Structures are given as structure tokens and as C-alpha cells.
Amino acid sequence: MKRDYRVWRSPVLEREMEVLVFGDRGTPVVVFPTSMGRFYQWEDTGMIAHLTERIEDGLLQLWCADSVDGESFYDTAVPATNRAVRHLAYDRYLTEELLPLARLEAGGAELVLAGASFGAFHAATLALRHPGIARAAICLSGAFDAARWLDGSREGDAYFVNPLAFLPALEDPVLLGPLRRTEFVVATGLEDPNVDESRRLAAALRAKQIPAALHLWDGWAHDWPYWKEMVDTYL
């Protein structure tokens, strides 16, 4: 299996950003790590090994994104506004640097976004903030109300990084059109402490006539063995 390590200095984030790319053809899937995870997390947890056959057969090409969670949502040493602003910079890094590269190398193919836990938040929020940027978002065991990481704030920039805040208010048909052509898969455990947020996200998507499938698994289902099963089912 082809394994390609990339690093460049992001002009948006003003720091080096790293990415691992597995495979050289197939559906390009940009995957996000869990809270404060790194670009190598999917490899270290065995998820890449789990998907080796599909990658080697040319069905999938995985782009394992790095995160700046420790500089944004989880940087409690700075005000909530600063945390939101840093995430918006990360959003620009993704949309101006990483995703265009993945799309270019895939010959313009439509992207899929995927992630588990906090990675599910990243996948859903990116797809919703940029209608049409991906054909699907696979969101596993996610928490989606960003106010919990922003001292309860849902105003200003905190509003624009919170899908459970901005999605219900979205009425612009220019934005809703491409979102209605985007598939959202929301899967989580019935005993996951964040299960209500998955239900809320799916309900908000359906209220806007955006395709959303909600899958509730028995038990807690918030760990890599479960996510490997979920990836087999939904990706």
C-alpha cells in the first residue's frame, strides 16, 4: 500500500501542517482525528490496517488530516472568541489548502469527509459550512454543539462554528441546494453520552430536506473497535 507523508508551512495557520495519504486512487476520503488527535491517529489505532484491502484495491484513498484542536476549542487559556477564530483559520486551511490538493490529485473527484468523536464534528461542520465541498460526510459518535467548548457562547464567531446553531437558521436556497445533494451519515451508540446531539443534528438536517441517515447502535459504541465496524458499514 502506498503511504505518503506530506508537510508544508500553512500560510493560513502560520505553522507547519502534516498529512498522511494512503493509496493512490479511488474515492478520496479526508479523515479527521478525535479530540486533539494527530494526522497519524488512524494509522496508530489500526484503522488504516483495517482498510488496507480496500485501499490496495483502489477503492479508497485516505487523506489523514492533522488538527489544531489544542490551539482552538481546547485552548482554555484564551477567551472563547479566540478559540472560535482559530478554528475558522483551520477551516480556511482545509478549504484553501488540503481539500483542493486532495481533489486535484484525485482528478477532480468528489470528496468524502469522515471522522469519529471530535472528528465527526469536524466532518459535519466543514460539510455544512461549505455546501458542495463533499458528496458525503460520515459522522461517527460525534458531539455537535460547539458551545460546550466555547464557554456556552453561541454568538458572533461562536455561532458560525456551531452546526447546531447555524443550521436551523439556514434558509438561503443557494446554500441549501448543494447541501441537499450531500449525504450525511450520523451513527452513534444508544448509550453514548452525546447521543442526543446526533439526534438533534439528524433532525436539523432532515428539517432542511438534507439527506441524513441516523443509525443508533446498541450500547456505548464509542471506541475504535466500534468505529471500524461502522466504517465497514457506512464508508
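Residues are numbered from 1 along each chain as its sequence is written, and side-chain values use heavy atoms, with hydrogens and water left out. Because the model is predicted, local features need pLDDT of at least 70 and side-chain atom pairs count only at pLDDT 80 or more, while totals for chains, interfaces and linings use all residues.

Helices are DSSP runs of H or I with at least four residues, numbered from the N terminus. The expected span of a helix is 1.5 Å times one less than its number of residues.

Just after H4, Gly-107 has a positive phi of about 70°.

Helix H5, residues 118-129, reaches 16 Å from its first C-alpha to its last, close to the 16 Å expected. Eleven of its twelve residues are buried, so H5 is largely enclosed by the rest of the structure. Buried means under 20% relative accessible area (1.4 Å probe, protein chains only). Among the buried residues of H5 are Phe-118, Phe-121, His-122 and Leu-128.

The whole structure has zero disulfides, a disulfide being a pair of cysteine sulfur atoms within 2.5 Å. Cys-64 is in no disulfide, and the nearest cysteine sulfur, that of Cys-139, is 17 Å away. Both cysteines are buried, as tabulated here.

| Residue | Relative accessible area |
|---|---|
| Cys-64 | 2% |
| Cys-139 | 0% |

Notes
Helix = DSSP H or I, 4+ residues; strand = E, 2+ residues; numbered from the N terminus. Buried < 20%, exposed > 50% of the residue type's maximum accessible area, 1.4 Å probe, protein only.
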